Each structure stands twice: as C-alpha cells, then as structure tokens.
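Subject: Structure handover

Hello,

Here is the structure for your files. Please open it before you read the notes below.

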Amino acid sequence: MKVPFTNLKALHAPLKREIQRAIGKVIDSGEFAGGPFVERFEEQFANYCGSSHAIGVGSGTDALWLTLTAMGIGPGDEVITVPMSFIATAEAISLTGARPVFVDIDPVTYTMDPSALESAITSRTKALIPVHLFGQVAEMAPLLRVALKYNLKVIEDAAQSHGAEYQNRKAGSIGHAGCFSFYPGKNLGAIGEAGAIVTNDPQLASRLRALRDHGQTRKYHHKIIGWNSRMDGIQAAVLSLKLPNLDQENDQRRAHAAAYDALLGPIKEVSCPRTGNHRTHAYHIYSVRTPERERVLSVLAQNDIGFGIHYPVPIHLQPAYQNLGHRAGDFPISEACSKSFISLPIFAALSPIQIQAVGDALSQAWPATVLS
Ligand SMILES: *Cc1c(COP(=O)(O)O)cnc(C)c1O
C-alpha cells in the first residue's frame, strides 16, 4: 500500500471552497502586503498562544533573524542553539553577524540539554534559541533558570511546535519571544511562505513591527534600518481560516503517534519518540531511531512507504559552517541521531490501514528473533 510522507492535498481538499472565498476577499480589498487581514490573524494567533502580541512576517527564518536583530544582537555576540535543527536556526544567528554556539541535545527528548548549557556560556553570550524539535517543547524551566542567572534572552524556535504545550503553556509563549514558521508543511501551514513572532514584551513587539516594514512607523519616515518582511495578506486570510482546526489536527497527530508506538513497541531495534514530563507533543514529525538505516530505508521504499530524514547532517558538520572549526565527535548525541533517525509519515488525514502498512514494513525489516 502506498503511504505518502505527507499529504497537503488531502489536508486542503475539504477547505478548498472556503480558501478560495478568503483569497477572493483579499483580492477585492487590495490589502496584499500587511494590512487588516494580517492584523486580524496576528490578534487570533497571539490569543491562541496566550501571548500579548503577534507580529506576522515573511517566514520562520525571518522571524528568528528579525527577533535577534530587534534584541540588538550582532557582530561580536554569541547565541547558543543546538546542532540538531533545520539550518535556519543557525543561519538567522549568522546573518546578524553573531556566532552560533552549539550545545548538544538530550537523548530522550531531542531538545537542548539543560545540563550542557552553562559550560557553553561566555562573556559574549547574549541569547539562546532552544528548538522545539519535531513538535516537543524543550525543557524550558532549567533553561530559563540559567538564562536568568546570566541575563540572556530566550528565543523559542517554535517552527515545528504550533499548539504544543509545556506546563500548560503554549510553545512560543514561554521565553522572551517565540518564532513560528507557517511553511505549508508545518502543523499550521500557509499556502506559501509566512512566519510570526509572539511576545509579551511591548517594546520588542513595536521594534519588530518597525523592522519588518523598513524601520518605518509612519510611511516614508524611517527611524531605524529595517527590511521588508511583511506578512502576505492572502497567507494571513488562509491562516485565519485554518487556525481553528489546529488543535483537532494535533489531536489526530497524537492519536497516530500512539498507534505507531503500539505497533513498533515490540520491535526492539526501533526506538519510538518519547515525550518529556509536563509536555504535550504536537508530532510535527514522528521520528524513530534504528540501526542499519540504509537497509531499513530500502525496505520502506520497496513497500511504497514515504519517509524523511530530519536531519542527515547536524549543523556543526555542514560545509556551510566549516568556519566554526567543529569536528565529528563534538556533539555525539546529535551525530548519532543524524545517522539513525527515520521520520515516518504523520499527518492528520493518515488512516489506520496506512499506519498498519508502515508498521508491517518495519516488522519486515526487523523480523522478530525466535529463540529456540
Ligand atoms: C521550518 C523551520 C524554520 C524556518 O522556517 P521557514 O518558514 O521555512 O523560514 C526554522 N526552524 C525550524 C526548526 C524549522 O523547522
């Protein structure tokens, strides 16, 4: 049975008429770049996250870069993050002129290891960016304690964790700022590129509003040097339409994850993802770990099962980051994960038969050893 890795067409099919109507309204109004549709979504998304402000921008990468810039971070500064993330987390740091400094991930939750944080802090450290990898919020309480002690800003990379919770607080609303991506494949996805920042800090919010719009607070009057990263009106209108479905879709993702856990639990060579204490996982990605990955991937491919690898090369070993001077062995957990992770299909419309087919393929790859 064919199981695609993801299925955006199935996700949007029941909404297609409404989406077309929403786009029509934006066309009729001419409010394409920023404007009332964006303001409306900002208010809804801030509300959803339990934050006072949301600022819609062009992408998740822009959200991270603009937040660092708004915090005054730049050349000579260091920002701590993890090597097991999408490259954008580190790129945003580099683009400000600051240096990304890595700490390894925890082997259970795959998020920033709080016990490794303090030794990475120097007099140049200004901020940390924990990444809520795969839809699970990092262990924020100890990270925030260390940040407070050293007076560091905490920026959550919540690009994979819309709606996930930590101690009953929504991802993105826990640190000084939370950065989101609405890339189409994310748990809340636009029909193009978009991103947002949420924060409770009114000064940071107004700085971000100016920065995303050429540093202007009044048309053609520029207080600071900014950039063009306004959210697109059509994306905002579609996101407003899709936001009310997010919780239900996350529930479906959690149910699918539980079904995978039950099917794969007996296969001792396959390690299922685990959720840390006080958290709800949003399962943007359901990634298992297994030895002999190449062989297992070929069994999945033979069975028409889609898969992904997030991520095959940790950031510190990417050619683009050669200048940081890292070597294999510097961050052993991230490196081991990069060699053993397989992301299985997970999306709201996944069916029980499809989940069974994925389970069957993995059982075929790892037939149970019968002891005589
Ligand atoms: C998707 C993603 C980003 C970047 O978001 P874009 O909207 O694609 O720019 C940043 N960080 C993480 C962890 C992501 O998954």
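The notes below cover a sheet, the aromatic rings and the cysteines.

This is a predicted model, in which local features need pLDDT of at least 70 and side-chain atom pairs count only at pLDDT 80 or more, while totals for chains, interfaces and linings use all residues. Residues are numbered from 1 along each chain as its sequence is written, and side-chain values use heavy atoms, with hydrogens and water left out.

Sheet

Helices (H or I, at least four residues) and strands (E, at least two) are DSSP runs, numbered from the N terminus. Two strands pair if DSSP finds at least two bridges between them. Three strands make up an open sheet in the order S7-S6-S12, and their pairing is antiparallel. Strand S7 (169-170) and strand S12 (279-280) are at the edges with a single partner strand each, so one side of each has no neighbour in the sheet. Strand S6 (residues 165-166) pairs with S12 in the antiparallel sense over 2 bridges. Tyr-166 has Arg-279, in S12, as its bridge partner.

Aromatic rings

Rings of Phe, Tyr and Trp (its six-membered ring) pair if their centres lie within 6.5 Å; planes under 30 degrees apart count as stacked, over 60 as edge-to-face and the rest as tilted. There are 13 aromatic pairs in the structure. One of them is Trp-65 with Trp-227, edge-to-face, at 6.0 Å centre to centre and with 90° between the planes. This pair links distant parts of the chain, 162 residues apart: Trp-65 is in helix H4 (residues 60-70), and Trp-227 is in the loop between strand S11 (221-222) and helix H9 (233-242). Trp-65 is buried, with a relative accessible area of 16%; buried means under 20%, exposed over 50%, and partly exposed in between (1.4 Å probe, protein chains only).

One aromatic cluster is formed by Phe-41, Phe-45, Tyr-48, Phe-180 and Phe-182. Lys-170 lies over the face of Tyr-48, 4.9 Å from the ring centre. Arg-295 lies over the face of Trp-366, 4.6 Å from the ring centre. Such a charge counts if NZ of Lys or CZ of Arg is within 6 Å of the ring centre and within 35 degrees of the ring normal.

Cysteines

How many disulfides does the structure hold? It holds 0 disulfides, a disulfide being a pair of cysteine sulfur atoms within 2.5 Å. For Cys-179, the closest cysteine sulfur is in Cys-49, 11 Å away and too far for a bond. Cys-179 is buried, with a relative accessible area of 2%.

Regards
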